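Here's a walk through a two-chain model, taking each chain by itself and then the place where they meet. Have the viewer open as you read.

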Amino acid sequence: MNEQALLGLADDELVLGWRDSEWTGIAPLLEEDVAFSSIAQNEIGHARAVYELLVGTEGDADALAFDRRPEEYRCAPLVELRLLEWAHTIARRWLYEVADEIRITAFKDDSDRAVAGLAAKIDREEAYHRMHAEMWHERLREEPRFRAAVEELWPYALGVLPAELRAELVERVGLADAEPVERGTHTDELAPLWEEMTMVRRSAPAGAQW
Amino acid sequence: MGPRRGARRVSHPIWEVFRQERRGQPFEHAGSVVAPDADFAETWAREQYGRRGESVALWLVPRDAIRDVEDWADEFDLKYRRVDGYSIKARLKEARERAGTARAG
């Protein structure tokens with residue numbers, strides 16, 4: 001099991017799910033608000049499933065998800081960015097889904113059956129996310145604001161994938177290869193997000209009751 | 001400036017959503033989505049009405065494609081044409097009385 005790569009996947013899904021749920025209640029259209037929130041929630045569900053796989057049946061997935069220091073997270077800088085501007089948000093969602101599909105496809109061929117099985121399960125739900133992202137991409141691809149956002153986020157998108165999978169992303173997105181913003185580095189926006197994301201966990205280490 | 005204020009003023013067509021709960025069952029009206037085209041309508045309807053296992057199929061119909069019929073002239077009280085509009089009980093009683101076969105009580 002490639003634990004670091006799986007942790008990267010889980011952290012990406014958790015942090016992007018968190019970021020995208022910042023649109024709940026304020027998305028540009030009511031229907032999109034429902035759909036976007038639902039997708040964000042799915043991503044957090046995927047993160048949970050991967051954390052659970054990593055810690056095993058006796059382990060504590062919440063501890064893995066929330067008890068690390070910000071610098072220990074393995075998420076790609078792309079998902080950390082706080083982008084409360086729709087062109088950038090939807091550009092990121094599209095870039096992320098394209099990259100994520102390439103990554104998940106690779107995980108589906110993993111020699112570890114538990115990993116391959118979970119990847120296949122995640123992939124079946126990601127199909128809806130891709131449909132949603134492609135729909136927006138089709139609609140906005142010629143819009144200058146969207147194109148500018150895609151170009152701005154492109155080096156970050158490359159950083160989602162390990163080097164050996166990037167050629168396919170370059171081909172599918174159709175932009176020139178660029179210097180990636182690599183996983184393992186963090187933006188300044190992760191720390192405030194971490195504060196918020198782990199607040200309940202830190203205030204009630206024994207576990208919050210709802 | 002927030003992104004939503006202006007955007008929410010855009011007026012898009014309304015799509016009526018019908019859902020089928022199980023194969024073979026009739027489609028029932030589930031609600032509607034407001035969407036610029038059929039692809040958006042499909043994606044949003046899937047999220048709202050479909051993919052948590054509550055439907056096996058959806059129909060999306062632009063509201064403009066629906067012919068609305070709601071004016072009914074019923075001046076002569078022809079409700080006996082409906083099965084539920086015709087009470088047979090009283091007439092049956094009269095008929096039995098005429099035939100002398102009225103039941104006691």
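## Chain B

Going from the N terminus, chain B runs α-β-β-α-β-α, which makes three helices and three strands. Helices here are DSSP runs of H or I with at least four residues, strands are runs of E with at least two, and both are numbered from the N terminus.

Chain B has 105 residues, and 15% of them count as buried. Buried means 20 or more other C-beta atoms within 10 Å of a residue's own; exposed means 12 or fewer, partly exposed is in between, and the C-beta atoms are placed from the backbone. If you take contacts between residues at least 6 apart in sequence, 43% in chain B join residues at least 24 apart. A contact is two residues whose C-beta atoms, placed from the backbone, lie within 7 Å.

## What you're looking at

This is a predicted model, where local features need pLDDT of at least 70 and side-chain atom pairs count only at pLDDT 80 or more, while totals for chains, interfaces and linings use all residues. Residues count from 1 along each chain as its sequence is written, with chains lettered from A and ligands numbered from 1 in the order written.

## Chain A

Chain A has 10 helices and zero strands. Its C-alpha atoms fill a box of roughly 50 × 40 × 30 Å along the principal axes. The radius of gyration of chain A is 17 Å, which agrees with the value near 17 Å for a compact globule of 210 residues; it is taken over C-alpha atoms, and the globule rule is 2.2 Å times the number of residues to the power 0.38.

In chain A, 38% of the 210 residues are buried. Of contacts between residues at least 6 apart in sequence, 72% in chain A link residues at least 24 apart.

## Helix α7 of chain A

Take a look at α7(A), residues 144-158. There's a kink of about 40° at A:Glu152, shortly before the proline A:Pro155. The bend is the angle between axes fitted to the seven residues ending at a position and the seven starting there.

Buried residues of α7(A) include A:Phe146, A:Val150, A:Leu153 and A:Trp154. The buried residues of this helix pack against α4 (77-80), α5 (86-108), α6 (113-140) and α8 (166-173) of chain A.

## Where the chains meet

The contact takes 15 residues from chain A and 15 residues from chain B. On the chain A side, α2(A) gives the most, with five residues.

Definitions and conventions: Expected span 1.5 Å × (residues − 1).
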